[in-house]
Amino acid sequence: MNDMAAPLLEARKISKRFGGVHALEDVDFRLYPGEVVALAGDNGAGKSTLTKIISGVFPPDSGEIAFDGSHVVLANPQDARTRGIETIYQDLALADNLDVGANVFLGREPMTRWFGLPVIDRKRMRAEAARTLDMLDIGLDRLDRPVRALSGGQRQCVAIGRALHWQAKVMIMDEPTAALGVPEQRKVLALIQSLKARGVGIVFISHNLHDIFAASDRIVVLRRGINAGERTTAQANPDEIVRMMVG
Amino acid sequence: MSAPAAAHPRPAEQQSNWIGWIAAARAWLFLIVLIVGFEVWSQIAFQATFVGNLFNISSIAVFAVAPLLLAIGQTFVIISGGIDLSVGFTMGFAAVIVSHVANLVTPSLGPVLGLLVAVVVTVAASALPGLVNGLLIARLRVPPFIGTLGMYGVVRGVAYLLAGGTTVPVANDALSYIGNGTIIGIPVVVLLTALAMLVLHYLLSQTRFGQYTYAVGGNRAAAVRAGINVRRVTVLLYILSAVCAGIGGILYAGRFSAGAAQAGEPLLLDSIAAVVIGGASLFGGSGTIVGTLIGALIVAVIEYGLVFINVEPFWQFVAVGIVIIISVLVDQSQRKGGRVDE
């Protein structure tokens, strides 16, 4: 991408062992603002270990992470989120029984007063959620119903909208198009482009080469815990990526 | 449900507009059907009115107080996806404690101050089983059903031990007034329970704590990820439930001028019945205080109505048990409907 800009997120020489297993060994990873990087690799290649380290789930054994130009230690996922590193999980994202506004604001509800009593400001939650979703061109007819009533793709959009609302600068998406119908997959891929235009850096994990080529700017391949190669998507071809993945 | 509907799900409103409406209003409808049923029976059998009789209304209200107090605490716990089986004996435990403490301090402090001390001590004591339940469930990941079943045994035993295996008479005028007095014709126990209901309704529907209760029951993992201190919420939920039961015990001691370990024994079933009839799901995530109120009224009308029409009182358990099972079945079928809509 734009090699002149400073990386938004940079992981240098990351190593992680689980018992005797080298999950990651001296892995380097960079992500620029407004860039979509696909993280490719076979099962056990270290994709999820790397994303968990980036999102603060566990610390690396060695190596360091720089975010927005300064060295950071991510103590826990909450710490990473506060800095603007969000992971979009497919199933863990939303409370099905709450409406869209309540989900966008979950854990950070705005309060107002009603005859002196503090009460949750549901009107504001809905209005602000609607504004964020409109910004991303996510059309939901009604925001006052439990998200249970939404489709998988719509829920994914709400989860992404929530991350954006809370100023996420890096979004890690683990198989964001899995288990979605084709129109919904297109919607999520379009949403990724819209986030890109807003300068969000996206780490995109997928097994689906078609999606990887459709969505990403750069492909980073991991194999058995090491960097197996890296290509600009426009100059790569699927066979080459598969060869790097299987070695 | 037809196969094409499952293959191409239509929006939820179109598919089950009136079914959904009936399901949502089922508690109200059931209450109305019950009242009409008892009224008709009463007119035919005794040529007397059932609902038109103020004594009946007042009796049903007083009847509903203790199960309702247990049920509003239970509502929070069930919404969060848990269950509290220890509430019945926590109520008895509290009834015994408030009697002992009131007897101990009333001679030196007088009835009002004595009652105040007894109430504070009892509320604190009844929070204890809730705290232990909460810690077991939140910290040690004991399933709520098992953790609170164990606590059921513990508080039961402790309550009987404290009572010396018998009932503890209590002499405190202020406590008796709370149990049997009226204000403008309305029993004080009913007014106090209404107040507790209002406070808990506010807590559940308007505060972050209430919102987190729903979130924990809807998707615990999402609640954790949203930065909600789920363990703390869980501990507070079981303390809340236990304290509600404790207040139920205090009102019981006031009403009967005695504390008994078995005060709340039959009420566990009633409280769970009120919550699930009121529309809460035993799978967590849904329920309201208003729904629980309707549920508790249904239970009270069934129980009082059966006595009124001279049915053997043991049929009450059968009726309430059947109503619980039917409510859960309705809830389950609603859930399956929800899946198809996705």
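**Exercise 1.** Find which residue takes a positive phi in the hairpin of S11(A) and S12(A) in this predicted model.

*Solution.* Start with the strands (DSSP runs of E, at least two residues, numbered from the N terminus). Strand S11 of chain A covers residues 218-223 and strand S12 of chain A covers residues 226-232; they run antiparallel and are joined by six bridges. Two strands pair if DSSP finds at least two bridges between them. As one point of reference, Leu222(A) has Asn227(A) as its bridge partner in S12(A). Now look at the two residues between the strands: Arg224(A) has the positive phi, near 45°.

A word on conventions: this is a predicted model, where local features need pLDDT of at least 70 and side-chain atom pairs count only at pLDDT 80 or more, while totals for chains, interfaces and linings use all residues. Residues are numbered from 1 along each chain as its sequence is written, chains are lettered from A in the order in which they are written, and side-chain values use heavy atoms, without hydrogens and water.

**Exercise 2.** Work out how many residues each chain gives to the contact, and which side chains form the salt bridge.

*Solution.* First, count residues in contact (heavy atoms within 4.5 Å): chain A gives 29 residues and chain B gives 21 residues. Next, look for a salt bridge (a side-chain nitrogen of Lys or Arg within 4 Å of a carboxyl oxygen of Asp or Glu). The rule finds one across this interface: Arg208(B) with Glu109(A), at 3.9 Å, N to O.

Conventions. Helices (H or I, at least four residues) and strands (E, at least two) are DSSP runs, numbered from the N terminus.
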